[in-house]
Amino acid sequence: ARFASRGRLLLVGAYRDVELDRQHPLAEALGALHRETEYERIALHGLAESEVSELLQAIAAHEVPEALVHALYAETDGNPFFLREVLLHLVEDHKLYRAEGRWTSDYSVDELGIPEGVREVIGRRLSRLSEEANRLLSAASGCAGEFHLDVASGAAGLEENAALDALDEALEAQLLRATSDPEIYDFTHALIRHTLYGELSPARQVRLHRRLAEEMERVDYDRGEYVGEIATQWHRSSAIPGAERGVPHCVAAADAAEKAAAHEAAASFLGMALDLLPKADARRARLLARRGLALARSLVPEEAVRVASEAGELLAASEGSDAAADYLADAATEVYGSSYDRRASALAEQGLRHAGGRRDLTWARLAAYYVDRHLASDSDSPDIHLDVPERFEASRILLANLPSLIERGLWVPLPATTFESRADAIERAGSVAMVMAYWAGEYVRSSVLANERAADYVKRGRLGAAVTLLVVEARCQSALGNLAASREALARATELAERIGTPLLLAAGLQAAQFEHMGIQGEGYRLFLPVIDRLLVADARWFRSRWASAAAAYAHERRVEDALRMIDRVLPTIKRPTGWSPNYPALLFWVIEALWFLGRSDHANLLERNLREKTLAPDFRHPHTDARLALARLCALTGRVEEAREWFDKARRVLDEQGARPLRAITDFDEAWMELRRGRDGDRTRALALLDAARGPFESIGMPGWLRRADELRQQLERR
């Protein structure tokens with residue numbers, strides 16, 4: 001070093017700092033070098049997670065799943081040697097394999113095992129430590145991650161001074177690292193913890209967990225972020241007597257998880273509590289009931305229904321049929337609200353058996369699910385509801401109790417409700433987004449309500465209900481002409497729906513919102529038609545309101561025979577239900593729109609009679625539709641020009657009141673089109689003025705197809 005400055009010389013030396021203590025010769029040399037020449041010490045840390053991904057893909061010569069990258073990074077802290085050894089070990093033991101061009105594994109991290117090379121390296125480092133340090137580390141290995149020094153030392157049987165000396169050794173050897181809390185420590189690599197734990201026999205492992213659980217009780221460990229750790233320790237020691245003492249800790253952990261909306265964790269802790277309970281313990285029924293609800297919120301409906309059904313019978317035996325019925329109403333609500341799973345109706349049917357002759361809110365909630373599924377839905381169409389006495393009675397009770405249901409954050413099965421008119425809907429359910437959208441046509445109010453409630457439902461684990469409300473928001477925003485806001489809400493709804501497998505009802509809502517975007521833009525129907533064609537082949541029980549929108553789409557694309565075929569499918573449904581079915585106004589509107597674009601008056605008398613009686617008289621309003629506009633079109637198609645003009649004017653007044661800008665502009669276009677279709681008898685001047693009025697909104701909202709049609713219409717009028 002003394003002569004290094006005379007030449008152009010670079011020396012690089014490498015050493016393991018974990019093997020360097022103050023007595024090591026290199027420690028003295030490094031101190032002396034400062035007096036002779038300059039040098040720079042470069043600490044090599046573990047790789048970042050993105051670098052781990054690159055390294056693993058280079059070693060494996062294939063894409064490695066992100067979840068596996070994250071797991072290996074957490075286990076190795078980015079140590080390249082550990083990473084390579086673990087990856088090769090997994091491949092050699094066939095725990096990692098190629099599937100569809102990428103590496104994957106069916107094993108959890110704890111099941112992957114420690115490769116021999118890594119075990120030897122860690123073993124050599126551990127062998128340099130004192131017996132006390134090894135005892136401390138071995139005890140700490142029973143914890144899932146970070147550990148409290150007092151807990152580990154107590155489980156290891158070490159006095160305070162001995163424990164502190166052992167801790168210093170482990171820190172100096174870089175087997176442990178400190179945290180922000182001076183009493184909490186963690187292993188530098190999870191592999192070290194796994195190696196130590198793997199050296200214990202199963203009998204010693206179980207007893208270690210019991211000692212840790214008892215030490216955690218002693219130091220009041222059952223608090224804050226560690227509340228789940230003590231529950232886990234009790235559960236992992238369940239093979240030896242006395243484990244039922246851990247039940248309160250499991251329940252406390254479930255309480256904390258529910259408060260944090262960690263529903264899967266809550267279900268897991270409640271499962272632990274049930275495992276620790278004696279079979280005949282009186283607490284079993286209520287804990288099982290809680291677990292059923294947590295499983296529903298965790299999006300595992302099949303398991304949730306099984307557990308909730310068993311809990312319902314246990315509650316009936318221990319607390320009586322009324323308690324069972326009350327619980328099963330909650331369980332059905334959670335299953336349906338979280339994932340729209342139709343198995344909720346099985347819980348409802350079970351609950352109705354326990355409800356007996358009751359006609360209260362519990363009965364109404366149960367009847368709402370059961371009626372929709374078994375009694376009152378059109379056998380060929382899930383979205384069209386029929387009249388049965390149970391529906392009206394359930395609706396009356398639900399609407400009378402609506403404020404308390406909303407206050408409790410409960411998902412209300414609103415398709416089961418009935419209203420006499422739009423005014424009735426506003427009076428009895430004006431605080432509910434779906435009612436304001438699909439019965440009242442109050443789009444601004446509905447959009448605000450939907451956005452607020454959707455965030456709450458996501459927190460509560462009711463993703464299906466949240467998707468429904470985000471679809472409501474998307475459809476209301478597009479009805480108002482706010483396409484950017486509508487697309488944003490629809491994207492959020494789609495993301496949540498994918499997490500629960502996009503059930504049929506949710507898929508229909510998403511498709512309806514997308515179809516309405518096409519309707520505003522006046523183009524894009526060709527993208528929608530292949531979906532329809534596939535569904536015609538795959539599922540004859542598609543929603544009747546979608547058959548009606550399919551008829552309109554076919555008509556826009558001039559596929560006349562297909563459009564008429566769809567109309568024929570829908571006609572029987574138009575004759576049967578009453579207008580309070582939430583999709584009925586849309587069903588009628590789209591059928592009439594199809595005929596309007598085809599220039600045909602087929603079934604005009606039937607359509608007009610039902611339109612007047614079931615939609616116009618009660619004044620039900622639905623996004624992107626208006627009964628007055630539909631009637632104006634029918635009048636125009638049947639040659640009643642003056643009457644058509646009156647209904648076009650009435651449609652304008654209502655649409656202006658709603659702020660429904662796209663449909664308001666289309667109303668002007670439609671009346672201009674009526675004048676063009678009249679030929680020489682048409683009012684050319686009025687038609688041109690109407691097209692001028694429509695053109696501005698077509699441009700500002702973003703309705704290119706309608707803008708193109710308006711220009712084509714103007715050209716035809718000007719050629720006269």
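Just after helix H32, Gly639 takes a positive phi of about 80 degrees, where helices (H or I, at least four residues) and strands (E, at least two) are DSSP runs, numbered from the N terminus. The model is a predicted one, in which local features need pLDDT of at least 70 and side-chain atom pairs count only at pLDDT 80 or more, while totals for chains, interfaces and linings use all residues. Residues are numbered from 1 along each chain as its sequence is written, and side-chain values use heavy atoms, with hydrogens and water left out.

Helix H32 itself covers residues 627-637, and because 11 of its 11 residues are buried, H32 is largely enclosed by the rest of the structure; buried here means under 20% relative accessible area, exposed means over 50%, and partly exposed lies in between (1.4 Å probe, protein chains only). Among the buried residues of H32 are Leu629, Leu631, Leu634 and Leu637, and also Arg628 and Arg633. What covers these residues includes H30, helix H31 (604-616), helix H33 (641-658) and helix H34 (661-677), with contact taken as heavy atoms within 4.5 Å.

Of its 720 residues, 54% count as buried. Among contacts with a separation of 6 or more, 65% are between residues 24 or more positions apart.

In soluble globular proteins, nonpolar side chains tend to be buried together. In this model the largest nonpolar core holds 226 residues, of which Leu137, Tyr327, Ile574, Leu607 and Phe698 touch the most other members; such a core is a set of buried Ala, Val, Leu, Ile, Met, Phe, Trp, Tyr and Cys residues joined through side-chain atoms within 4.5 Å. The largest share of this core, 13 residues, comes from helix H30 (residues 584-598). When residues up to four places away in sequence are not counted, Phe698 touches Ala665, Ile666, Phe669, Met703, Trp706, Leu707 and Ala710.

Two packed helices are described by the angle between their axes and the distance between the axes. The axes are lines fitted to C-alpha atoms, for helices over the stretch in contact, and the angles run from 0 to 180 degrees between N-to-C directions. For helix H29 (residues 560-575) and H30, the axes come within 10 Å and cross at roughly 150 degrees, which makes H29 roughly antiparallel to H30; angles under 35 degrees count as roughly parallel, over 145 as roughly antiparallel, 65 to 115 as roughly perpendicular and the rest as oblique. On the H29 side the contact includes Ile567, Val570 and Ile574, and on the H30 side it includes Leu588, Val591 and Leu595. By class, the residues of this contact are 13 nonpolar, one polar and no charged, where Ala, Val, Leu, Ile, Met, Phe, Trp, Tyr, Cys and Pro count as nonpolar, Asp, Glu, Lys and Arg as charged, and the others, Gly among them, as polar.

Another pair is formed by helix H12 (residues 247-259) and helix H13 (residues 263-276), which pack at an angle of about 165 degrees with their axes 8 Å apart, and H12 and H13 are therefore roughly antiparallel to each other. Among the residues that meet are Val251, Ala254 and Glu258 in H12, and Phe269, Leu270 and Met272 in H13. The residues of this contact divide into 13 nonpolar, no polar and one charged.

Helix H3 (residues 66-76) and helix H9 (residues 190-198) have axes that come within 5 Å and cross at roughly 75 degrees, and these two helices are therefore roughly perpendicular to each other. Here Ala74, Glu75 and Thr76 in H3 meet Ala190, Leu191 and His194 in H9, a contact with three nonpolar, two polar and one charged residues.

The loops also deserve a look. Pro503 sits in the loop between helix H25 (483-499) and helix H26 (504-521), and Pro503 is buried, with a relative accessible area of 15%. Although Pro503 and Ser339 are 164 residues apart along the chain, their C-alpha atoms are separated by 7.4 Å. Leaving aside neighbours within four places in sequence, Pro503 is in contact with Ser339 and Tyr340.

Gln174, in the loop between helix H8 (160-172) and strand S4 (176-178), has a positive phi of about 60 degrees although it is not a glycine, and at 32% relative accessibility Gln174 counts as partly exposed.
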